[in-house]
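Please consult the sequence and the structure while reading the answers.

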Amino acid sequence: MKQYTSDKEAADALYRSYQDLTSEISKVIVGQEEVVRLVLTAVFCQGHCLLVGVPGLAKTLLIQTIASSLDMSFSRVQFTPDLMPSDIVGAETLDKDRNFNFVTGPIFANIILADEINRTPPKTQAALLEAMQEYAVTVAGKRYELPRPFFVLATQNPIEQEGTYPLPEAQLDRFMFNITLGYPSYESELQIVKNTTGAARVALDKILHADDILAFQQLVRRVPVVDNVVEYAVKLVHKTRPNTAMGSERASQYLEWGAGPRASQHLIIGAKCNALLNGKYSPDIEDVQAVALPILRHRIVRNFKAEAEGITVEQLIGELL
C-alpha cells in the first residue's frame with residue numbers, strides 16, 4: 001500500500017483509482033455505469049448493497065467483475081429454502097483426536113455475493129445480517145472476526161414471490177443502498193451479445209488491494225462537510241416522516257413510515273464518497289441528492305392510498321428532493 005503525505009494526495013489517488021476501476025470493469029460490464037458507481041461507493045463507505053432486478057441482467061457477473069478488479073477474496077452463496085445458518089457461517093467439527101475445530105463458512109471472505117437472499121428462511125437471513133452489522137460471527141460461544149474490508153452484495157428477484165421470504169423493513173435498513181437494475185438499452189445489449197458470444201476471454205487487472213480499500217474507507221470518514229450540507233441531509237430525512245413537525249404534506253398523505261437516523265448517516269457518508277469520486281474535496285447538496293434515491297428507496301413505506309393511486313416510492317423521493 002502506498003503511503004500518502006496528505007489527505008489531498010490520497011483523495012487524488014482515490015479519484016484516479018476510481019477512473020481505473022470503472023474502465024477495467026467496463027471491459028466486461030456494458031451500460032451499467034450508475035450501478036457500478038453506487039456499488040463502488042458502498043465499498044469505500046463500508047456499506048452493503050441490495051441489488052434488485054429481474055433474472056439475466058448480469059447481477060452476479062457485475063459483482064464477480066468488481067471482485068476481480070479488486071485484489072480481495074470473493075465468495076458466492078446461492079440462497080435456497082433449505083440453507084442453514086451454519087452453511088454460511090461455518091460450524092464446529094470433531095477431528096480424529098476428538099477435538100472440536102471451527103471450520104469457517106463462505107462468509108469468511110472480503111466480498112460476499114448473497115444470491116437471491118429472499119429465497120432463504122429468516123433464520124439464515126438473520127445470520128448473514130448479524131455478520132454484516134458486527135463484522136464477526138459467534139459459534140458455540142466463541143467470537144470469530146471477519147476479514148476486513150467486508151462487503152456484502154445481496155441480490156433479490158422481484159418476480160415470482162411465491163415461496164420467498166422478503167426481508168423485513170428493519171433488516172432492509174442494514175443495507176446502505178437499494179439499487180434497482182433495469183433492462184439494458186438496445187445499443188448496450190448489442191455490445192453485450194457481441195462480447196459474450198465469442199471465444200475471447202477478458203483478463204482484468206487488479207487495481208486496488210485490501211489495504212488500499214481500508215485506507216480509502218478511513219479517508220472518506222475524514223472528508224470535511226459544511227453545516228448546511230448536513231442540515232440539508234437531515235431535513236430531507238425528516239421530510240419523509242409522516243405526521244411529524246418537519247414531515248412534508250406529501251409524506252403525511254402517502255407514507256406509512258419514513259426513514260430513520262441511519263438514512264441521515266448514510267446520506268452524509270455517501271455524499272462524502274461521491275464528492276471524492278468526482279474529484280472534489282468536500283461534498284455539496286448535489287452530492288447528497290446523487291445518493292438519496294438508493295438510500296431512501298427501501299427505508300420509506302407507502303400507505304394504501306399511495307398504492308391505490310399508483311404513486312411510486314421513486315416519485316415521492318423525487319418530489320422531496
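Q: What are the angle and the axis distance at which helix α9 and helix α11 pack?
A: In this predicted model, helix α9 (residues 227-239) and helix α11 (residues 261-277) pack at an angle of about 145°. Their axes are 9 Å apart. The crossing of α9 and α11 is right-handed.

Q: Which classes of residue make up the contact of α9 with α11?
A: Nine residues are nonpolar, one is polar and none is charged.

Q: How many domains does the assignment give, and how are they placed?
A: The domain assignment of the chain gives domain 1 (7-212) and domain 2 (225-320). Their C-alpha centres lie 25 Å apart. The contact takes 23 residues from domain 1 and 19 residues from domain 2.

Q: Why is the largest pocket said to lie between domain 1 and domain 2?
A: Both domains give residues to the lining of the largest pocket, so the pocket lies between them. The volume of this pocket is about 620 Å³. Of its 23 lining residues, the closest to the centre are Gln-156, Glu-169, Leu-172, Asn-178 and Arg-297. The elements that give two or more residues to the lining include α6 (169-172), β10 (177-180) and α14 (313-320). By class, the lining has 10 nonpolar, eight polar and five charged residues.

Q: What is the form of the peptide bond from Arg-148 to Pro-149?
A: This bond is cis, with omega near -10°. Pro-149 is placed in the loop between β8 (142-145) and β9 (151-156).

Q: What sets Gln-46 apart in its backbone?
A: Gln-46 has a positive phi of about 60°, although it is not a glycine. Gln-46 lies in the loop between α2 (33-44) and β1.

Notes. Residues are numbered from 1 along each chain as its sequence is written. This is a predicted model: local features need pLDDT of at least 70, side-chain atom pairs count only at pLDDT 80 or more; totals for chains, interfaces and linings use all residues. Side-chain values use heavy atoms; hydrogens and water are left out. On a 1 Å grid over the protein atoms alone, a cavity is a set of points where a 1.4 Å probe fits but cannot get out, and a pocket is an open set with protein on both sides within 12 Å along at least five of seven lines; lining residues have an atom within 4 Å of a point. Grid points are joined across faces, edges and corners, and a volume is the space filled by probe spheres set on the points. Helices (H or I, at least four residues) and strands (E, at least two) are DSSP runs, numbered from the N terminus. Ala, Val, Leu, Ile, Met, Phe, Trp, Tyr, Cys and Pro count as nonpolar, Asp, Glu, Lys and Arg as charged, and the others, Gly among them, as polar. Domain bounds come from an automatic or database domain assignment. Axes are lines fitted to C-alpha atoms, for helices over the stretch in contact, and angles run from 0 to 180 degrees between N-to-C directions. A crossing is left-handed if the near helix is turned anticlockwise from the far one by less than a right angle, and right-handed if clockwise. Contact means heavy atoms within 4.5 Å.
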